Amino acid sequence: MADSAPLVELYTDGACSGNPGPGGWGLILRHPSSGKEIERSGAEAETTNNRMELTAVIEGLALLTRPSRVELYSDSKYVLDGLESWIAGWKKRGWKTAAKKPVKNEALWRRLDELREQHEVSFHWIRGHAGHPDNERADALAVAAREALVRGS
């Protein structure tokens, strides 16, 4: 990807009350060169934490209108390990795990893979609930979306 591709920072988080249960996702998409920042969130009535973590990244990448250099920050080892390590093997095995079982959340992983291939993505794990301001904000967005769904507002 050309160095002229815009650089963006994507902070994502998911939250679930019960697993499965009502869940929410949140994201912050920042364009450092312009200072522009977008926040988004959403919720599902019956989901899992891993599905919400994946959804946050998918929704963030889907906001990009052109190929970009993306610095992805997440506290989800599931998402980051999946993107960095597991997905290549799953694809080679026809979306089966090493144990020849179907990949959980396959449709979300496939969509994430499609979006990721449009960009140059670098992965950064950050410890959740450790005071990182952008991770805390993404978490707050996810929790607020989940709570709004639960309250019915």
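Visitor: In which strand does Thr 47 lie?

Guide: Thr 47 lies in strand β3, residues 36–47. Helices (H or I, at least four residues) and strands (E, at least two) are DSSP runs, numbered from the N terminus. This is a predicted model, in which local features need pLDDT of at least 70 and side-chain atom pairs count only at pLDDT 80 or more, while totals for chains, interfaces and linings use all residues. Residues are numbered from 1 along each chain as its sequence is written, and side-chain values use heavy atoms, with hydrogens and water left out.

Visitor: Is Thr 47 buried or exposed?

Guide: The terms rest on relative accessible area: buried is under 20%, exposed is over 50%, and partly exposed is in between, with a 1.4 Å probe and protein chains only. Thr 47 has a relative accessible area of 2%, so Thr 47 is buried.

Visitor: Which residues is Thr 47 in contact with?

Guide: Contact means heavy atoms within 4.5 Å. Leaving aside neighbours within four places in sequence, Thr 47 is in contact with Cys 16, Asn 19, Pro 20, Gly 21, Pro 22, Gly 23 and Met 52. For Asn 19, the C-alpha atom is 7.1 Å from that of Thr 47, although the two residues are 28 residues apart along the chain.

Visitor: What kind of peptide bond joins Asn 19 and Pro 20?

Guide: The bond between Asn 19 and Pro 20 is a cis peptide bond, with omega about 20°. Pro 20 itself belongs to the loop between β1 and β2.

Visitor: How many residues does the largest nonpolar core have?

Guide: In soluble globular proteins, nonpolar side chains tend to be buried together. A nonpolar core is a set of buried Ala, Val, Leu, Ile, Met, Phe, Trp, Tyr and Cys residues joined through side-chain atoms within 4.5 Å. Here the largest nonpolar core has 28 residues, and Leu 61, Trp 109 and Leu 112 have the most contacts inside it. At least two residues of this core come from each of β1 (7–16), β2 (21–31), α1 (49–62), β4 (69–74), α2 (77–92) and α3 (106–116). A second, separate core has five residues, including Tyr 11, Tyr 73, Ile 126 and Leu 141.

Visitor: What does Leu 61 touch?

Guide: Not counting residues up to four places away in sequence, Leu 61 touches Leu 10, Val 70, Leu 112, Leu 115, Arg 116 and His 119.

Visitor: At what angle do the axes of α1 and α3 cross?

Guide: Two packed helices are described by the angle between their axes and the distance between the axes. Axes are lines fitted to C-alpha atoms, for helices over the stretch in contact, and angles run from 0 to 180 degrees between N-to-C directions. The axes of α1 and α3 come within 10 Å and cross at roughly 30°. Angles under 35 degrees count as roughly parallel, over 145 as roughly antiparallel, 65 to 115 as roughly perpendicular and the rest as oblique. Therefore α1 and α3 are roughly parallel to each other.

Visitor: Which residues of α1 and α3 meet?

Guide: From α1, Arg 51, Leu 54, Thr 55, Val 57, Ile 58, Leu 61 and Ala 62 meet Leu 108, Trp 109, Arg 111, Leu 112, Leu 115 and Arg 116 of α3. By class, the residues of this contact are nine nonpolar, one polar and three charged. Ala, Val, Leu, Ile, Met, Phe, Trp, Tyr, Cys and Pro count as nonpolar, Asp, Glu, Lys and Arg as charged, and the others, Gly among them, as polar.

Visitor: At what angle do α2 and α3 cross?

Guide: The axes of α2 and α3 come within 11 Å and cross at roughly 95°. That makes α2 roughly perpendicular to α3. Tyr 78, Val 79, Gly 82, Leu 83, Ile 87, Trp 90 and Lys 91 in α2 meet Trp 109, Leu 112, Asp 113 and Arg 116 in α3. The residues of this contact are seven nonpolar, one polar and three charged.

Visitor: Where does Trp 95 lie?

Guide: Trp 95 lies in the loop between α2 and α3. Its relative accessible area is 7%, so Trp 95 is buried. Leaving aside neighbours within four places in sequence, the contacts of Trp 95 include Ile 87, Trp 90, Glu 106 and Trp 109.

Visitor: What is the phi of Lys 100?

Guide: Phi of Lys 100 is near 65°, a positive value in a residue other than glycine. Lys 100 lies in the loop between α2 and α3, and at 68% relative accessibility Lys 100 counts as exposed. Asn 105, in the loop between α2 and α3, has a positive phi of about 65° although it is not a glycine. Asn 105 is buried, with a relative accessible area of 17%.
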